[in-house]
Structures are given as structure tokens and as C-alpha cells.
Amino acid sequence: MPLEPHRLVRYPNGFELLLVPSRTAPVLALDLWVRAGSACERNHEAGIAHFVEHMLFKGTARRPPGALAREVEGVGGEINAYTSSDHTVYSLAVASRFADLAVDLLSDAVLQPSFDPSELEREKSVVLEEIKRSLDLPQHYLSQLLFAQAYRVHPYGLPVIGNEDTVASFSRTDCVSFTARWYRPGAMTLVAAGDADLDRLERLVGESFGRAPRALSPPRSRRRREPLPSSFRVEVEPRDVQEVYFDLAFPGPAASDPDVAAVDVLMALLGQGEASRLQHRVKLDRNLVRAVGAGAYTPVDPGLLSIGAVVDPPLFAEAYRAICDETFRLCVEPVGVRELERAKDNLEADFIYQKETVQGQAQKAGFFHVVLGDAGRERDYVEAVRRVDAEAVRAAAGRHLQVRRGVLAALHPRGRPLGWSAEELASLTAETQADARHDHRPPRRSGRARRPRLTRLPNGVRLLVKINPDVPVVALRAALLGGSRREDRRLSGLFHLTAEALVHGTRSRNVFEIAHEADDLAGQLDPFSGRNSFGLKAELLAKYLEDGLDLFADVLCHPTFPADEVDKVREDTLGALRLRADNPAAQAFRLFEETLYLDHPYGRDVLGTPETVGRISPADLRRTHAAFTRPEHLVVAVAGDVDPDLVADFFAHALGHLAPGASLPPEPPPPRRVAEPRRASSFAPTEQAHVVAGFLGASLRSVDRFGLRVANAVLAGQGGRLFRRLRDERGLAYSVSSSTLEGLDRGYVAGYIATNPAQAEAAREGLLAEFQSLARGEVTAEEIEEAKRKLVGGFEIALQENVFQAAQMAMDEVYGLGGQGFASHARQVFAVSTADVVAAARRYFDPSGLVSVFVGPEPPTS
């Protein structure tokens with residue numbers, strides 16, 4: 001079926017509607033772009049664009065606070081918004097049948113916000129907590145340092161979120177003034193992507209946004225042009241972190257610059273994908289970094305090209321020199337043909353993957369229309385990428401990667417300085433660029449829904465294939481029983497290491513060949529492991545299916561676990577454990593699981609501990625892989641544009657050598673019941689307190705699991721009780737959430753809140769009170785119905801993506817739930833009654849079984 005063209009409608013008041021038809025799924029995405037971001041603010045307004053974004057969900061003349069989110073989630077939709085330097089974007093995704101409601105909700109929120117003074121004061125507390133929270137996240141704080149140095153004049157150097165002084169001063173008058181100045185019909189574009197009656201949608205929008213009073217065009221934002229740096233800039237700060245975090249950046253082009261395509265290819269070659277130069281040479285080959293990557297920030301005004309890394313402190317100088325070496329070599333040495341094609345394929349693949357969902361289509365069309373003036377420029381960009389050659393990459397590198405224009409921002413652990421002054425770092429960077437110029441090295445080398453088809457191969461492997469021909473993308477997942485649940489405590493982390501090492505060498509391919517071939521597929525090949533299972537997943541373009549299947553089967557069946565590569569995986573795991581210590585929210589959940597499960601395997605970190613990871617050997621990995629990669633326990637799921645017979649024939653041959661073996665090790669005893677409340681604390685020098693409170697939950701096979709999922713849906717989300725009562729009504733936190741986790745053994749239901757340390761106990765009691773309210777039956781039938789629609793709608797939106805379908809089929813089948821079961825998800829959720837939810841809440845939310853933990857600053861001694 002040929003694609004329907006985009007349709008642009010301009011109403012008499014200046015408002016624009018961009019229609020992007022897509023008939024692959026009955027879903028509609030609405031993205032409202034407002035041409036106003038933080039760069040439009042006056043000095044005393046720093047952060048108000050972001051603050052207004054928050055406030056537009058806080059009530060209108062027709063809807064009280066929280067109603068908008070509840071109505072969207074009540075039909076299973078998704079609502080979100082974000083503010084950038086240049087724009088604010090409000091997003092809704094709903095089933096197409098709810099298009100009328102979606103347009104009404106969005107227009108009401110944007111055109112008739114109430115800016116209620118009491119809500120405004122509560123939201124200021126929330127945003128002030130968000131500002132504090134950002135100080136606890138190293139990479140977020142590092143980004144602020146970098147931009148402040150790169151943009152000393154231009155407003156891009158200021159945090160989008162604002163600062164505590166300005167946010168605390170905001171009044172209703174400030175919000176009304178900002179929206180009156182910028183939220184004018186001529187400054188807004190609504191992008192509607194999906195399966196909808198276009199004529200009806202055009203009329204609906206005309207009756208709402210199209211009738212907003214016409215106003216003069218918004219004032220032109222007076223942005224001072226950022227002068228190019230005349231010398232290398234350095235900003236280094238000590239922080240409470242365990243690793244060194246740094247970003248190296250150079251001035252880059254604006255979105256409209258003809259150089260963007262070449263710059264994007266340049267940065268993809270440098271640091272995007274497993275076969276990129278930084279990943280290949282600095283991480284995989286030399287193992288100098290925990291993480292490394294590169295990217296181009298190309299907003300409305302000139303942007304930045306940045307390279308970021310996380311490094312062990314003793315390796316900083318060597319890692320920094322290696323990164324600079326690879327970066328500056330691109331200024332002088334031509335890239336190879338295959339390397340160049342791989343980078344261009346990956347950039348093009350990003351566009352293809354994004355078209356899997358109407359949300360992705362809306363986002364892309366909105367960006368190209370609003371920022372570049374024409375949604376059709378997307379095709380021009382892709383064609384420009386295809387035209388980029390080796391000389392264009394070298395020339396772009398030479399123009400932009402100049403040391404005298406560079407900016408370096410870094411964070412290091414307190415008491416462990418980098419050992420290099422700002423002047424020395426500038427000299428080191430310049431020396432590396434000079435060395436690169438004198439040391440050239442040769443480059444190194446739509447359709448109707450279809451049910452899954454289940455085939456049992458002769459040796460017992462179960463193969464599930466679901467055909468989705470609308471987008472030329474294929475997702476694969478191989479799942480095996482295992483995970484931390486089957487580990488000996490002394491070898492905790494064994495399955496994580498086993499899985500991660502799968503892609504580090506086979507009998508016929510080394511780690512570099514695997515990485516390169518995965519990138520050649522314009523996709524991804526990644527291991528996974530968890531509490532109950534482990535395996536391999538992949539996503540690739542359909543035109544590379546046969547090569548992808550061959551690589552996938554080889555990595556799954558024939559890993560060799562070479563000692564040097566296992567050492568690299570071990571070091572990466574140890575680094576990941578250290579990085580987790582820099583994330584207080586992750587620390588809180590880790591402490592919660594330890595306290596809840598005690599000696600059960602679910603209480604242990606799937607990554608292991610430094611001690612257990614240190615004692616795991618390559619021989620342990622080989623034994624584990626051999627013992628658990630058994631055909632009777634293996635499920636392979638494939639979703640996408642495939643020939644199911646070809647897939648079945650391939651796997652029958654490729655997996656035919658697997659033979660049934662001895663039974664798996666015995667399962668652990670179930671988790672012990674929590675007989676009395678448990679509390680635990682871990683003190684850390686954070687700005688916020690992180691509180692988790694919850695209970696043992698249901699298992700994947702429990703009849704209660706859907707009742708608990710609905711109960712959790714009542715609590716979770718922007719329209720949920722926790723957000724509404726603890727954040728909106730009481731202003732206790734910026735971040736509050738509820739989650740339910742299931743496993744082959746009992747999982748948990750828990751609430752999380754990040755709050756001011758002085759309010760931590762009130763936050764904990766608030767979480768418990770909401771759990772207890774459900775257990776007392778204080779829930780309406782309307783809330784239950786909204787929660788069920790939320791679960792079903794969110795699930796069906798996620799099903800647009802092949803990776804989600806493959807994962808759902810594989811995991812459900814390997815856990816004994818049936819790989820075709822997701823087709824009955826909606827029926828099972830809608831069958832849950834109010835009585836079922838209350839009964840489940842009473843069984844599981846017993847106050848004597850409460851487990852609560854605190855991570856944050858130690859309280860002052862009296």
C-alpha cells in the first residue's frame with residue numbers, strides 16, 4: 001500500500017496542523033510544538049518555560065488538577081511533555097477511537113490553563129526538588145558544567161530547568177505573562193500521526209486550536225551570538241562519585257546547516273555503535289573506559305559535538321589521550337568504505353526504527369517541520385547522509401574538531417584529583433592533535449495483525465514467529481531459564497557474566513568481528529540476563545536477515561569465553577557496580593530488595609558483588625553455558641518482516657546439534673514471609689532522600705497477578721494516586737512512582753519517592769497510607785476501570801514494536817505462560833473486578849509485611 005502524503009493545514013489564526021497518516025495500527029499520536037523554550041526567557045524568568053510545561057497539566061477552567069492525566073491514562077493512553085532550549089512539546093498517544101478526547105484534552109490544557117496559585121506553590125516545591133535531584137546525577141551535573149563553559153553568552157549555557165532563586169520567585173502573573181507572549185496560535189504546530197479520519201481530525205482541531213484568538217506573531221527571541229572560543233577551556237570539579245566522568249566538546253553546526261549530515265556521520269563513526277572507533281579501540285580493544293560515546297547536538301542555533309566517557313581514576317590520562325587520538329585522526333586519515341557505509345546504514349536505520357510507532361513518526365515530522373520548515377526535509381537529510389563520502393567526513397572533522405575551540409568538563413572523586421592542571425590538559429589535547437597529523441595509520445578495518453506461529457523443532461527447541469510486514473525490521477530473542485535465581489551465592493553474578501561474554505568471541509568470530517558484523521546489519525546484538533532467565537536479543541533491518549540469523553545462532557551456541565575477554569567483562573561489571581553507587585535511586589531499590597528477600601536469590605544483585613565477580617572464571621562460564629543451553633529449555637522468538645518457513649528451516653539446522661541434557665539445578669525455596677515490618681537505612685551525601693516502601697507481591701503464575709497489576713495502576717502514573725496526592729496535593733517530591741515486579745517466585749509491589757530529607761518520614765507514611773487505602777476498599781469502580789484501560793492501552797501501544805513482541809513471546813513461553821498469551825492480555829485485565837483488586841490488596845498490603853528503606857544524608861545529631 002503506497003504511503004499517504006503528509007497534509008499541512010494553516011488556520012486563519014496562524015495555527016498549523018500537520019497530518020501524518022499511518023495505517024499500521026489503530027493508534028494516534030499528537031505532538032504539540034510550541035516555539036518557545038528556555039532560550040526565549042528573560043533573566044528573571046530562568047526556568048519558566050519548563051515550569052509552564054509542568055503547570056499546563058495542573059488544571060483548567062473545565063478540569064481540576066490531575067484530571068487530564070487521569071483521562072488520558074483512563075483510556076490506556078500516554079501523556080508526556082518536554083522542554084528544550086528552543087521548544088516545548090506536549091505529547092499524547094491514544095487508541096484512534098479516542099481522537100476526539102485527545103484533541104479536547106490537549107487544547108483545553110494549552111489554551112485554558114488555570115495556573116491555580118495553590119497548585120503553583122506545590123509545583124514550585126516539586127521543581128525545586130527536581131533541581132536538587134539533578135545535582136545527585138553525575139552525568140546531568142556534568143552536562144550543566146559543559147554547557148556553561150561552551151555557551152558563556154548564548155542562553156544555551158543556562159539549565160533548561162532554571163535555578164532555585166528564579167523558580168522560587170515564580171507567580172501566577174509570571175506564568176500568564178510568559179504564555180501570553182509565546183503561546184500564540186502562530187507559534188504552535190500540532191502534528192497528528194496515525195490511523196485517523198483526517199477530515200474529521202482537521203475539523204476537530206479547527207474547532208479548538210483553530211478558534212483561538214489571532215495574535216501578533218511572538219516577539220523574535222533576541223539571542224546573543226556565541227563567539228567562538230579562542231582557547232581551550234577546562235572546568236574540573238570534585239564530586240561524591242567513584243569514577244571520573246568527562247565530556248570533551250567542540251562548536252558544531254545548527255540544525256539548518258548543510259554540514260549536519262557529514263557531522264552526524266562523523267560522530268557515528270567516532271562513537272555510536274559497537275564497531276565505532278571509540279567503542280572498538282578504546283573500550284573493547286584496550287578496555288580503558290567503562291562507557292564511551294559521541295554525538296552531535298544540532299539545535300536551532302549552532303550546537304556542539306561532544307565525546308563523553310566514564311573512566312576509573314587511575315586510567316584517566318591514558319583513556320583521555322586514547323580518545324583524543326581517535327578523535328583527531330578523523331581530521332587527517334580517510335575512513336574505509338565499509339566503515340563509512342556501516343555508519344551511514346546505522347543513521348538511516350534510526351529513521352526506519354523510529355517509524356515503527358506513530359509516536360516516532362510524529363516526533364520526526366514535527367522536528368523537520370518546526371525546526372527546518374518542511375517535514376519533507378527528512379527525505380533530503382537521509383539522501384544527504386547517503387551522499388557523504390570519506391572526504392566530506394575528513395573535511396567536517398577538520399572544520400569542527402579544533403583544539404583551540406574545545407571545551408573539557410570533568411568530575412572526579414573527592415580526594416582523588418585528576419593529577420592534571422587545566423593548562424596541562426590543554427597541552428595534552430593539543431599534543432595529541434599534533435601527533436595525529438604526523439602519524440597517519442591505515443584505517444582499520446501495514447497490515448493485519450497475525451497470531452504467532454509456534455513450532456517445536458525436532459530436538460525440543462520452541463520457535464515462535466510473528467509476521468509484521470509493515471516495516472522492514474526484524475527482532476529476535478532467545479530465552480533460557482537461569483538467571484540469579486539459579487546461582488550459588490558464592491558465584492553471584494555468574495549468569496550476568498555468562499550472558500555478557502557471549503558476544504566476546506565464538507569459534508569462528510572474535511569480539512571485533514562480532515561487533516562489526518552487528519553494525520553491518522544496521523542493528524543491535526545484545527545479551528541479557530536477570531533474575532529468572534538469560535539469553536540473547538537482536539534487532540536488524542529485514543534485508544540483512546540471513547546474515548543476522550547466522551551471527552545470532554553462532555553467538556548463542558558457540559561462545560568460547562576467552563580469558564582476556566572475560567577479564568574485560570569482569571572489569572565492566574565491577575565498573576557497573578561502582579556506577580550504581582553513584583545513583584541513589586538504584587541504591588534504594590537494591591537495599592529494598594536485600595531487606596525484603598534476605599537470603600533468597602532475589603535479594604542479591606544480578607551483577608553480583610566485587611568479591612563474587614572476582615572469583616568467577618572462564619571455566620565457570622563455559623560450564624554454565626553448557627549446562628543451561630539445552631533445547632528443552634530454549635525458546636526463540638522472531639517478530640517482523642520475515643518468511644516463517646525460512647526462519648524455521650534455518651533454526652532447525654543451526655540449533656539441531658543441541659541435545660537434551662541433565663535436569664537443571666534445583667529451584668530455591670520460596671521467599672520467606674515478612675512477619676513484621678522491616679526498615680533499613682544507608683547514608684549518603686545526597687541532596688535528596690530516596691525512600692522505597694513495599695511488600696512481597698505475586699509470582700508470574702499467581703492468579704493474583706492481574707489484580708495486583710490493576711492495583712498498582714491505580715497508584716502509578718501522572719494520573720495515579722501517588723502522583724496526585726503525594727506530589728500534587730502535598731508537594732512532597734518531584735519524583736514518585738509505584739511498580740510491581742513478578743518472577744518465577746514472588747515479586748514485589750513498591751512505591752518510590754525522592755524528597756527533601758526532612759520530609760522522608762512523611763513520604764514513607766504517605767506511601768503506606770495509599771497502600772492501606774486500597775486494602776480498606778477505598779477505591780471506586782471508575783478508578784478501577786481507568787486503571788484497566790491504562791494497562792491495556794499502554795500494552796497495545798508497546799506492541800507496535802517488534803522488539804516488544806519478540807520479548808513478550810519468548811519470555812511468556814519460557815516461563816510456562818504460553819508464547820501466544822499476549823493476545824489475551826486485554827481480556828485478562830478487563831476481567832479483573834473491583835472486588836478482585838481489593839481482595840488482592842488486603843492479602844498483600846498487610847502493614848505487618850511492610851519493608852521500607854531510606855537512602856540519603858544522615859540526619860543531624862541533636
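R329 is buried in this predicted model, at a relative accessible area of 3%, where buried denotes under 20% relative accessible area, exposed over 50%, and partly exposed the range in between (1.4 Å probe, protein chains only). The residue R329 lies in helix α11, which spans residues 316–329; helices (H or I, at least four residues) and strands (E, at least two) are DSSP runs numbered from the N terminus. A polar contact links the side chain of R329 to the side chain of D325 at 3.0 Å, such a contact being a pair of N or O atoms within 3.5 Å, of which, within protein, one must be able to donate a hydrogen and the other to accept it, with residues adjacent in sequence counted only if both atoms are side-chain atoms.

Residues are numbered from 1 along each chain as its sequence is written. The model being predicted, local features need pLDDT of at least 70 and side-chain atom pairs count only at pLDDT 80 or more, whereas totals for chains, interfaces and linings use all residues; side-chain values use heavy atoms, with hydrogens and water left out.

The structure contains 0 disulfides, defined as pairs of cysteine sulfur atoms within 2.5 Å. C324 is buried, with a relative accessible area of 0%, and its sulfur is 11 Å from the closest cysteine sulfur, that of C331, too far for a bond. C175 is likewise buried, at 0%; the closest cysteine sulfur to that of C175 belongs to C40, at 16 Å, again too far for a bond.

An open sheet of 5 strands shows mixed pairing in the order β18-β22-β19-β21-β20, pairing requiring at least two DSSP bridges between two strands. Strand β20 runs antiparallel to β21 (residues 748–755), to which 8 bridges join it, and T740 stands opposite V749 in β21.
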